Amino acid sequence: MTRPAILVARAVFPEVLEHLGQHFDVESNQADTIFAKPELIARLQGKQGAFTTGSERIDAEVLAACPQLRVVANMAVGYNNFDIPACTAAGVLATNTPDVLTETTADFGFALMMATARRMAESEHFLRRGEWTRWSYDMFAGSDVHGSTLGILGMGRIGQAIARRGALGFGMKVVYHNRSRLPAEQEAPIGARYVDKATLLREADHLVLVLPYSAGAHHAIGAAELALMKPTATLTNIARGGIVDDAALAAALREGRIAAAGLDVFEGEPALNPALLTVPNVVLTPHIASSTMATRRAMADLAAKNLVAALTGGVAPTPINPEAWTKA
Ligand code: DGY
């Protein structure tokens with residue numbers, strides 16, 4: 001019996017490639033080239049499966065050009081690089097990697113929020129430039145995290161994990177806005193209060209964005225929303241680029257309309273809005289919220305497990321569109 005063929009579209013742990021090689025004919029990309037769409041299509045010819053990351057867009061054009069494709073397994077919890085209705089219409093099962101990155105990503109979101117509130121990047125740059133000559137009473141005075149109000153936009157698994165850190169570890173009051181309200185038994189242990197979006201923006205001392213990207217979430221935080229925030233507030237984005245209007249944010253930071261921002265994701269990344277590089281009160285990191293060795297390995301293992309199960313007659317553990325394979 002011929003083995004299914006798959007494309008591993010980006011570099012990945014060698015052990016994961018070896019495991020995939022036990023089940024499939026694997027075309028790998030350990031050189032880690034980013035394939036433009038025509039090359040992605042060319043390399044997917046004759047492949048039943050694809051191991052992807054956020055840099056590979058699987059849309060109707062790719063699907064139409066790759067009729068043998070049956071499974072696309074994203075090594076990410078977010079899947080805005082997949083056109084899910086198009087995958088479902090083409091009978092292509094899409095999978096992602098939820099849960100395994102929740103706590104690691106929440107750790108990072110909390111760390112980025114703290115670094116932002118306490119001006120860690122700005123003060124470190126000052127020190128590295130050799131400008132530190134004496135102690136002074138208000139040097140890099142930031143804002144307290146403990147006892148302040150933590151605002152969460154997008155109260156999914158990662159949002160809840162950040163809220164737990166804030167409420168239970170730092171005595172923060174938690175307000176949140178989400179498409180749907182959490183059940184009372186999930187709100188109660190962390191004292192989380194569900195509010196509308198405008199109230200969230202007005203009340204938060206530290207606002208953290210953790211919502212998935214969708215067309216409806218594009219520029220969910222723009223000039224109008226930033227104008228509702230306290231001038232002392234911070235904004236942390238670990239969700240997706242495009243949720244924040246980066247140009248409007250850079251202007252708000254420059255003009256002191258909010259105190260500071262921590263950004264792990266950017267519109268059009270890895271390119272950055274150049275204005276963000278010219279404002280001091282922002283902490284910038286290159287989309288690494290889930291990046292610990294253990295978690296990235298767990299994500300790769302889960303993506304591989306999805307491919308192996310789906311293409312060898314099993315049940316993929318974390319499907320996004322199981323209906324792709326169940327409809328007539
Ligand atoms: C995710 O899992 O969606 C991350 O953003 C990718 O690192």
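What is the volume of the second largest pocket? The second largest pocket holds about 270 Å³. The model is predicted: local features need pLDDT of at least 70, side-chain atom pairs count only at pLDDT 80 or more, and totals for chains, interfaces and linings use all residues. Residues are numbered from 1 along each chain as its sequence is written, and side-chain values use heavy atoms, with hydrogens and water left out.

The chain has 13 helices and 12 strands. These are DSSP runs numbered from the N terminus (helices: H or I, at least four residues; strands: E, at least two). The radius of gyration is 22 Å, close to the 20 Å that the globule rule gives for 328 residues, so the chain is as compact as a globular protein of that length. The radius is taken over C-alpha atoms, and the rule is 2.2 Å times the number of residues to the power 0.38. Along the principal axes, the C-alpha atoms fill a box of roughly 75 × 50 × 35 Å.

A cavity is a set of points where a 1.4 Å probe fits but cannot get out; a pocket is an open set with protein on both sides within 12 Å along at least five of seven lines. Lining residues have an atom within 4 Å of a point. Points are joined across faces, edges and corners, and a volume is the space filled by probe spheres set on the points.

The second largest pocket is lined by 17 residues. Ala-121, His-125, Val-282, Val-283 and Leu-284 lie nearest its centre. Helix H5 (102–117), helix H6 (120–128) and strand E12 (282–284) each supply at least two lining residues. H5 gives the largest share, four residues. The lining has 12 nonpolar, three polar and two charged residues. Here Ala, Val, Leu, Ile, Met, Phe, Trp, Tyr, Cys and Pro count as nonpolar, Asp, Glu, Lys and Arg as charged, and the others, Gly among them, as polar.

One cavity of 30 Å³ or more is counted. The largest cavity contains about 40 Å³ of space. Its lining includes Thr-116, Arg-119, Glu-122 and Pro-280. H6, strand E11 (260–263) and E12 each supply at least two residues of this lining. Six of the lining residues are nonpolar, two polar and two charged.

The axes of helix H1 (residues 14–21) and helix H12 (residues 293–311) come within 10 Å and cross at roughly 10°. Axes are lines fitted to C-alpha atoms, for helices over the stretch in contact, with angles from 0 to 180 degrees between N-to-C directions. H1 and H12 are therefore roughly parallel (under 35 degrees; over 145 is roughly antiparallel, 65 to 115 roughly perpendicular, the rest oblique).

The peptide bond from Glu-269 to Pro-270 is cis, with omega near 10°. Asp-99, not a glycine, has a positive phi of about 70°.
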